[in-house]
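Thanks for coming, everyone. I'll take a few minutes to walk you through a structure that is new to you.

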Amino acid sequence: MLNDELDRVFQALADPTRRGLVDRLTRGPATVSELAAPLPITLAAVVQHLQVLEACGLVRTEKVGRVRSCQVDPAGLRAAEQWLHERRTAWERWLDRLAEVLDEEGTT
């Protein structure tokens, strides 16, 4: 994944409202109205947040008649998950190596 694509994903997830929308959508598809109902913001603001999530590939929307349904796009989440996994793996290797060095120094 290109860095600018990953930057857009993390920038979108930096907003607590958008993280909340993604969290809600991980439990299943929902209409825009259903997503907006518990939030203290306007329906128009929810639509703007969804547009950001859709633009970076985290959410897909589909309009049938007057109803717009939303769902998580697993590919967008997988890219962020893979990036985080790669970083975690590198840090775990580094910490394992540090533990080995410290153990060697302690036994010498």
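One definition before we start. A residue is called buried when its relative accessible area is under 20%, exposed when that area is over 50%, and partly exposed in between. Please also keep in mind that this is a predicted model.

Let's begin with helix α1. It covers residues 3–13. Which of its residues are buried? They are Leu6, Val9, Ala12 and Leu13. Now look down the axis of α1. Its buried residues fall within an arc of 125°, so they line one face of the helix. Turn to the other side of α1. There, Asn3, Asp7 and Gln11 are exposed.

Arginine 8 and aspartate 4 join their side chains in a salt bridge, at 3.8 Å from N to O. How far apart are these two in α1? They are 4 residues apart, which is about one helical turn.

Next, salt bridges in general. Side chains of opposite charge can pair when their charged atoms come close. How many salt bridges does the count give here? The count comes to 5.

Here is another one of them. Arginine 87 meets glutamate 86, side chain to side chain, at 3.2 Å from N to O. Arginine 87 is partly exposed, at 35% relative accessibility. Glutamate 86 is partly exposed as well, at 37%.

Now helix α5, residues 74–107. Within it, glutamate 92 and arginine 88 sit 4 residues apart, about one turn of the helix. Their side chains form a salt bridge, 3.6 Å from N to O. Compare the two partners. Glutamate 92 is partly exposed, with a relative accessible area of 41%. Arginine 88 reaches 52%, so it passes the 50% cut-off and counts as exposed.

Last stop: the surface. Which residues form a nonpolar patch there? Trp91, Trp94, Leu95, Leu98 and Leu102 do. Together they have about 540 Å² of accessible area. Take one of them, leucine 95. It is found in helix α5. Its relative accessible area is 44%, so leucine 95 is partly exposed.

That's the tour. I'm happy to take questions.

Technical notes
Residues numbered from 1 in each chain as written. Predicted model: local features only at pLDDT ≥ 70, side-chain atom pairs only at ≥ 80, totals over all residues. Heavy atoms only, no water. Buried < 20%, exposed > 50% of the residue type's maximum accessible area, 1.4 Å probe, protein only. Arc of directions from axis to C-beta. Salt bridge = Lys/Arg side-chain N within 4 Å of Asp/Glu carboxyl O. Patch = residues over 30% accessible without salt bridge, like charges linked within 9 Å, V, L, I, M, F, W, Y side chains within 5 Å. Areas by Shrake-Rupley, 256 points an atom, 1.4 Å probe, with all protein chains shown as cover.
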